[in-house]
Structures are given as C-alpha cells and as structure tokens.
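Trainee: I have a structure to look through today. Could you go over it with me?
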Amino acid sequence: MLLTEKLKQTGFSPSERAVIDYLFAQRELIEEKTMKQIAEATYTHPSILSRIAHKLEYTGWVELKAGLLEEIDYLNRHFSDVDANYPFAPEDGLMAVANKMAALKQMTIEDTLSLLDHEAFEQAVTMIHKARHIKIFSIVHNLLLCHDFKAKMNRIGKHVSLCEVDPEFEAANSDETTCALLISYTGESDTTLRLIPYLKQRHVPVLALTSVGENAISNEADCTLRLTTRERLYSKIGSFTSNDSTQYLLDLLYAGVFSKDYEANLAYKINMSKRLDHRKSSSEIMQEEEHPFT
C-alpha cells in the first residue's frame with residue numbers, strides 16, 4: 001500500500017488528521033519545513049509528527065518525510081497528460097484514441113524504468129539465471145501475460161512453468177533449485193499469499209513483481225521488482241498500464257538472463273530456430289542471412 005493511502009486510512013486523532021491534511025496540501029513544500037513550522041501552521045505540538053511516524057512504523061519524522069517526498073515525486077512523474085484509468089474519452093475519434101494509447105504505453109515504460117532498482121534487478125536476473133526451473137504463480141489474468149516470457153526462455157533452454165493448475169502442489173514440489181516468480185498488482189492476493197509458506201518450507205527463492213509501497217507479498221519475497229502503480233482495481237477502461245508494466249519487466253528479466261551468456265544463447269536460439277522455424281516470406285526485409293554465431 002502506498003504511504004499516501006496509509007495516511008488517508010490509518011486511524012488518527014483530530015489533531016493528527018489536521019497535520020496530515022496540511023502535509024497533503026503542502027506536498028513538496030514540506031521538504032523545507034521544520035517540525036516546529038508545521039506544528040505552528042496546524043496549531044499543534046511538534047511531537048505529533050513523531051506520533052504519526054510511529055503509527056506508520058517509521059522511526060521518526062525525518063524518515064517519514066523522506067518516504068513521503070519520494071512517493072510524491074514518483075506520483076508526480078510521467079502520466080501528466082493521460083489518465084491511466086481513462087486514457088481516452090467518449091468524444092475521441094479513432095486516431096485520437098490511437099495516439100493516447102501510444103502515449104500511455106510510452107509513459108508506462110518510462111514509469112516502470114524509473115522504479116527499477118539496479119541491485120534488485122541484478123539480484124532478480126541472477127535468481128532466474130541460476131534456477132533450473134522457474135515457476136510463475138499468479139491469477140489467471142496475469143498468467144496469460146507470461147506465455148511470451150515462457151516461449152522466449154524456452155528458446156534459450158530455460159524451463160518455465162505457468163502454475164495455474166494445483167499451484168499449492170507446484171509450490172510444495174519445488175526446492176532450492178527452483179525460482180518462484182509471484183506476480184500480483186495489489187500484493188495482497190490470497191491465492192498467491194497462501195503459497196508462500198510452502199515455498200519457504202522448501203527454501204525456494206521468491207521473486208515478486210508487485211506494486212509500489214508496502215504489501216504482504218513484497219514483505220515475504222527475497223527480491224521485488226516494482227510495477228507502475230497508477231490504476232484503480234476496477235474503475236477503469238482496462239488494465240493497460242499494469243499489463244504493459246508486467247510485460248516490460250518480464251522482457252527485462254529475459255534480456256538480463258540472455259545477456260549473462262550472450263553468444264552461447266544467441267547461437268543456441270538461432271540454430272534451433274533454423275531447424276524448427278519453417279516460415280517463408282517474400283519480403284527482403286524478413287529474409288534471413290547467414291549469421292556469424294551459426
């Protein structure tokens with residue numbers, strides 16, 4: 001859950017709520033304000049800021065302010081021109097719809113890239129690369145997005161399973177040579193959460209793709225990559241940004257694993273495709289030439 005959401009939902013006293021309303025009103029301007037200045041502006045005592053921080057499980061106001069400013073900066077970046085939930089309007093013509101959807105996709109990639117932590121990305125790629133078997137656990141909707149990732153990984157000799165049937169048995173029948181990839185936009189999916197005890201008992205490395213902020217799945221994962229977090233659960237035209245963000249991160253994982261042994265993976269993929277891909281084309285652009293790795 002985003003910190004801004006916690007500030008709206010957590011039970012606070014009237015005086016604490018007055019301070020929180022002030023923080024929302026001032027937003028980025030709080031960076032330059034001291035505890036005393038905020039207390040004077042809200043007719044409260046500076047210690048209230050510390051109490052709010054402790055209720056949110058921060059060590060103090062300085063840490064809470066840093067977290068809040070970081071989140072506000074994320075929410076302000078990108079998506080200034082297109083609403084992730086309603087990217088086009090009833091009166092838009094088809095070409096307007098096409099242009100707005102293109103802008104939405106571009107902003108989604110930029111937003112997801114801005115969330116990518118180098119160390120977490122490197123750890124995630126290493127987990128996938130070392131695993132003899134990658135098992136993906138999620139709801140059916142997300143698993144549909146993973147077929148392309150599975151096909152790509154298969155073409156470089158990596159075994160990927162989409163665990164739609166009997167996911168509990170798939171989790172229980174895993175071991176430390178497996179990497180479990182959990183995909184959940186909310187990070188609170190009961191279907192996925194109930195698998196974690198099985199995975200932990202079997203010492204299975206867990207990689208999560210989930211939303212920004214603290215949630216149950218990211219708290220349990222060994223490594224987490226963040227999805228762009230702009231959509232509501234159901235008040236929207238479609239899951240455009242969450243789907244595109246998921247597919248982009250899966251492409252990054254594939255590309256990262258591929259780059260670990262670039263020449264060998266390329267040679268294997270091209271040689272296997274030569275034998276198995278029998279498509280023909282009259283276009284010169286599509287015609288194949290002999291490749292130095294073959």
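Predicted model: local features only at pLDDT ≥ 70, side-chain atom pairs only at ≥ 80, totals over all residues.

Trainee: At what angle do α14 and α15 pack?
Mentor: Helix α14, residues 240–260, and helix α15, residues 262–276, pack at about 105 degrees. Their axes are 5 Å apart.

Trainee: And what do we call that arrangement of α14 and α15?
Mentor: Angles from 65 to 115 degrees count as roughly perpendicular, so α14 is roughly perpendicular to α15.

Trainee: Changing topic, where is K130 found?
Mentor: K130 belongs to helix α7, which covers residues 118–130.

Trainee: Is K130 buried or exposed?
Mentor: K130 counts as exposed, because its relative accessibility is 65% and the cut-off for exposed is over 50%.

Trainee: How far is K130 from T177?
Mentor: Their C-alpha atoms are separated by 7.7 Å, although K130 and T177 are 47 residues apart along the chain.

Trainee: What about the whole chain: how many helices and strands are there?
Mentor: The protein chain has 15 helices and five strands. Its C-alpha atoms fill a box of roughly 75 × 55 × 35 Å along the principal axes.

Trainee: How much of the chain is buried?
Mentor: Of the 294 residues, 43% are buried. The accessible surface comes to about 16,500 Å², and carbon and sulfur atoms account for 53% of that surface.

Trainee: Last one: how many charged side chains, positive and negative?
Mentor: There are 32 positive and 43 negative side chains, and the centres of the two sets lie 3 Å apart.

Methods: Residues numbered from 1 in each chain as written. Heavy atoms only, no water. Helix = DSSP H or I, 4+ residues; strand = E, 2+ residues; numbered from the N terminus. Buried < 20%, exposed > 50% of the residue type's maximum accessible area, 1.4 Å probe, protein only. Areas by Shrake-Rupley, 256 points an atom, 1.4 Å probe, with all protein chains shown as cover. Lys, Arg positive; Asp, Glu negative; His and termini not counted. Charge placed at Lys NZ, Arg CZ, Asp CG, Glu CD. Axes fitted to C-alpha atoms, helices over the stretch in contact; angles between N-to-C directions. Parallel < 35°, antiparallel > 145°, perpendicular 65-115°, else oblique.
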